[in-house]
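User: Please examine the structure below and answer a series of questions on it.

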Amino acid sequence: MRDLAGIHSMKSDSLHPSPNRRRFFGQMCGLGAVASGMMPTFLEAKDAMQTIANPRLFTFIGGDSGAWQVIARKTVIGEPLPTVKRLDIVIGEVKELPENALWKLSGVTSNERYVTRSEKDQLTAKQVTIGRPEATHAAMIPIRKNSKWWALTQDERRAIFEESSHHIKIGMKYLPAIARRLHHCRDMAEPQPFDFITLFDYTKADSTAFEDMVAELRTTEEWKYVEREIDLRMVRDGK
Ligand code: HEM
């Protein structure tokens, strides 16, 4: 399953459970299962649950295949990532690193942590979803913040994020030209090398605006807490 952003699912069958699996879940969930003694054991249920892909989970595979051709890479801070020619963005979990791939990173989209009601309403009114056909350019920027950041309370982080660094205010200026999707990595079952994977797409004409925005964000107090950041720029096949 491939969409306009060149994103596809490796486990489309898991997104659409087979009639047998649906029946199994129906039986599991119905009171009838208990009454008829058909209730599965905990382990059977756990096993079945694990085959259902999480549609909020994305895997980013760096290698020599995928819809996105990597045209520039920069290690902003911290340990580099091995250089790759292409990026594949897959919906769901990828257990094995594909042949000729050098790395894979995973993260999930989630609820917001910092936005106020008024910011959320403004964002909703202005932002667009990643994957517009004309958005042939993209940036993938994995980021890890340091232990000082994570030792702060939610209120303290919010104060740095917005009141002092104006992350949302700065970003909002570039909507709807830039589309973004934030993936959280800290609570994945497998430990991840980054806390966030940020993904953006835009037209060729908006590439310079994107550079201006990233440069401005990197001067803020929030970025003093960034201890690892890699910046990959891509173009969609043939663009
Ligand atoms: C299109 C412009 C942008 C907008 C509108 C924007 C907006 C936002 C918003 C609203 C959040 C908070 C979500 C929440 O409440 O949990 C957020 C978080 C974040 N953004 Fe941006 N952003 C933009 C650009 C960028 C860029 C260019 C980067 C990376 C270079 C970036 C990196 C992040 C990171 C790492 C977080 C998570 C922060 C944390 O939870 O500690 N953003 N962004």
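User: On what basis is the model to be read, and what is the mean pLDDT of the protein?

Analyst: This is a predicted model, in which local features need pLDDT of at least 70 and side-chain atom pairs count only at pLDDT 80 or more, while totals for chains, interfaces and linings use all residues. Residues are numbered from 1 along each chain as its sequence is written. Here pLDDT is the predictor's confidence in each residue, from 0 to 100. In the protein, 77% of the residues reach 70 or more, and the mean pLDDT is 85.

User: How many contacts does the model have beyond near neighbours in sequence for residues 11–43?

Analyst: Over residues 11–43 the pLDDT is below 50. Where pLDDT is low, the predicted coordinates should not be read in detail. Two residues are in contact if their C-beta atoms, placed from the backbone, lie within 7 Å. Beyond near neighbours in sequence, the number of contacts of this stretch is 23.

User: How many helices and strands does the protein have?

Analyst: Helices (H or I, at least four residues) and strands (E, at least two) are DSSP runs, numbered from the N terminus. By this assignment, the protein has nine helices and nine strands.

User: Which residue in β4 is the bridge partner of G62?

Analyst: Two strands pair if DSSP finds at least two bridges between them. Strand β2 (residues 57–63) runs antiparallel to β5 (residues 103–108), with six bridges, and F60 stands opposite L105 in β5. Six bridges also join β2 to β4 (residues 86–91), again antiparallel. The partner of G62 in β4 is L87.

User: Which residue of β8 is the bridge partner of H184?

Analyst: Strands β6 and β8 pair in the antiparallel sense over seven bridges, with H137 bridged to Y202 in β8. Six bridges join β7 to β8, also antiparallel. In β8, H184 has as its bridge partner F196.

User: Why is β8 described as largely enclosed by the rest of the structure?

Analyst: A residue is buried if 20 or more other C-beta atoms lie within 10 Å of its own, exposed if 12 or fewer, and partly exposed in between, with C-beta atoms placed from the backbone. Of the 239 residues of the protein, 21% count as buried. Strand β8 is largely enclosed because the number of its seven residues that are buried is five.

User: Which element gives the most residues to the shell around the ligand?

Analyst: A residue is near a molecule if its C-beta atom, placed from the backbone, lies within 6 Å of it. Of the 22 residues around the ligand, E112, R113, Y114, G171 and I178 come nearest. Elements that each supply at least two residues of the shell include β6 (137–145), β7 (179–184) and α9 (207–217). With four residues, the element that gives the most is α8.

User: How many residues of the shell around the ligand are nonpolar?

Analyst: Ala, Val, Leu, Ile, Met, Phe, Trp, Tyr, Cys and Pro count as nonpolar, Asp, Glu, Lys and Arg as charged, and the others, Gly among them, as polar. In the shell, three residues are polar and four are charged. The nonpolar residues number 15.

User: Which residue is joined to P176 by a cis peptide bond?

Analyst: Most residues other than glycine have a negative phi, and most peptide bonds are trans. P176 is found in the loop between α8 and β7. The peptide bond in question has an omega of about 0°, and the partner of P176 is L175.

User: What is the phi of N100?

Analyst: N100 lies in the loop between β4 and β5. N100 is exposed because 12 other C-beta atoms lie within 10 Å. Although N100 is not a glycine, its phi is positive, at about 70°.
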